[in-house]
2 protein chains.
Amino acid sequence: MNTPIRLNTRDSIIEAAFVLFSRNPGASLSELAERAGVGRATLHRHFANRDDLVRTLALIAIEEMDAAADAASADAQSYSDALRQTLQALIPLGDRHGFLAREPLETDSDIAAEFKRLDRETNELVEAAKQEGLFDSGIPTAWITQVFDALLFAAWESIKLGESTNVQAVELAWQTLTLGLGATKK
Amino acid sequence: MNTPIRLNTRDSIIEAAFVLFSRNPGASLSELAERAGVGRATLHRHFANRDDLVRTLALIAIEEMDAAADAASADAQSYSDALRQTLQALIPLGDRHGFLAREPLETDSDIAAEFKRLDRETNELVEAAKQEGLFDSGIPTAWITQVFDALLFAAWESIKLGESTNVQAVELAWQTLTLGLGATKK
DNA sequence: ATCAAATGAGACATTATTGTCTCATGAATA
DNA sequence: TATTCATGAGACAATAATGTCTCATTTGAT
C-alpha cells in the first residue's frame, strides 16, 4: 500500500482537529490527541510538526470544499442552480470553513494561493449567476461572495446550535441571499 | 487621579491588542508590546496576566459595542431605524467584534454572561423591528440576528479590504439584510 | 500461530512564552 | 531645580507546549 500507516488513525486525528481547531486554533496537541482518542506520539508519527499538521489540514479543507462545490455544480441546470447546490454542499463542511477562517494562514504562500483559487472559483460562479439575473447587476460581485461566505457560516452555526435543521438552514440562507441581493427589488 | 499610570500607554496597548488579536488570537505578548510601541515590562504593569488582558479586552469590547448601540438607538424614530443606526455604529467597531468572535472565551462565566446580554439586546431590537414589519414574521428572530452579525462582519471586512467605503458598506449590508429578510417577498 | 507494523505510555530534552525583577532614563510636577 | 513616577531594556526563573525517543503491547495480515 502507499501509506503503511493505518488510515483510520490519521482520519480520526484530522476529523478531531477540524472540530477542535475550528473552535480554538490555539488548542494544544495534547488536547487534540486526547479528543482524537490517540496517543501524542502517534500524532507525531502522522504529522511531524504542528505546522505540518495545520498545513495539511488547510490543504485538505480547501480540497474538500473544492470537490464538494464541483460535485454540486456538476448536475446543475444553471449557474444559479449550481450556486444553490454549492451552498447546500458546503454547509456540512462548516468545520473546514471555520478552520480556514480562524487559523492564521497568511504566512504560508502555498496555502494562500490555494485559498485564493477557491475564492476565485466562488467568485466566478457568483458572477455567472449574476449574469443569469439571480443578483442585481449593480451590486459588486465581491460583496455577494462575501455575503455568501458569511451566510454559509451563519447557517452552519445555526445548525450547530440546534436552531435549525440542515434543510431549514439551507433554505433560510438561500432566501436571505437571493432576496437580499436579488435583481427584483421591491 | 484614580489611575496614576498614563492613560495613553494603556490605550495604545488596548488598541493594538484589538487589531492584533482580532486577526491572530494566539499572538505573543512580545509581538503585542512591539506593535503597541511599548516595552514588555510596561505591558505587564498594566495587565498582570495574559488572562487579565484578554478578560479586560473582552469587557471593553462588549461595553463599547453596547454603548455604541445604545447611543445609536437613542435618537431613532423607530425600532427599524434604531437597528439601522446600530448597524452603522457597530461596523467601525469591527476590531472589537472580531476579537470577541475569535478569542475563545467560553471558559469565563462573567464574560459569557455579558456576551449573552449583548446578544439578547440585539435580539430584542431585531424582534421589535420585526413587529414593525421590517422583517418577515415567519423568519426566526435568531436567524435574523445571526445574519445581522454576519453582515456586520462582512461589512467590516469589505472596508478593511478597501472594497468599499464605510457609507457604501453600511448601505450594502442594510439592503442585504432588509431585502433578504424583508416582509415583502417577491 | 507468526510476524511485521502501528500504537500507547511515558520519559526526556528543547523551545517558546510567560511572568518577575532590577536599574537606568526621561518626563511631568511641585 | 528637585522629586516623583512611568517607562524601556534586559536579565532571569517558571511554565507550558513541542518534538524525540524507547519499549512493551496490540493489531492485522499471512
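**Notes on a two-chain helical model**

1. From the N terminus on, chain A reads α-α-α-α-α-α-α-α-α, that is, nine helices and zero strands. Helices here are DSSP runs of H or I with at least four residues, strands are runs of E with at least two, and both are numbered from the N terminus. Please keep in mind that this is a predicted model, in which local features need pLDDT of at least 70, side-chain atom pairs count only at pLDDT 80 or more, and totals for chains, interfaces and linings use all residues. Residues are numbered from 1 along each chain as its sequence is written, while chains are lettered from A and ligands numbered from 1 in the order in which they are written.

2. Among the contacts in chain A with a separation of 6 or more, 61% join residues 24 or more positions apart; a contact is a pair of residues whose C-beta atoms, placed from the backbone, lie within 7 Å.

3. Next, the domains. Chain A is assigned domain 1 (1-47) and domain 2 (61-181), with bounds that come from an automatic or database domain assignment. The C-alpha centres of these two domains of chain A are 27 Å apart. Five residues from domain 1 of chain A and six residues from domain 2 of chain A make up the contact. On the domain 1 side, four are nonpolar, one is polar and none is charged. In this scheme Ala, Val, Leu, Ile, Met, Phe, Trp, Tyr, Cys and Pro are nonpolar, Asp, Glu, Lys and Arg are charged, and the others, Gly among them, are polar.

4. Have a look at α5 (residues 79-90) of chain B, which has twelve residues. Its first and last C-alpha atoms are 16 Å apart, close to the 16 Å expected at 1.5 Å a residue (1.5 Å times one less than the number of residues). Its buried residues include L83(B), R84(B), Q85(B) and L87(B). The cover over the buried residues of α5(B) includes α4 (50-74), α6 (94-102), α7 (109-131), α8 (141-160) and α9 (166-181) of chain B.

5. How do the two chains relate?

6. At the interface, 29 residues of chain B are in contact with 28 residues of chain A. On the chain B side, α8 and α9 are the elements that give two or more residues, and α8(B) gives the most, with ten residues. That side divides into 14 nonpolar, nine polar and six charged residues.

7. A150(B) is worth a click in your viewer. This residue belongs to helix α8 of chain B and counts as buried because 25 C-beta neighbours lie inside 10 Å. Leaving aside neighbours within four places in sequence, A150(B) is in contact with A150(A), L151(A), F153(A) and A154(A).

Definitions and conventions: Contact = placed C-beta atoms within 7 Å. Buried ≥ 20, exposed ≤ 12 C-beta atoms within 10 Å, placed from the backbone.
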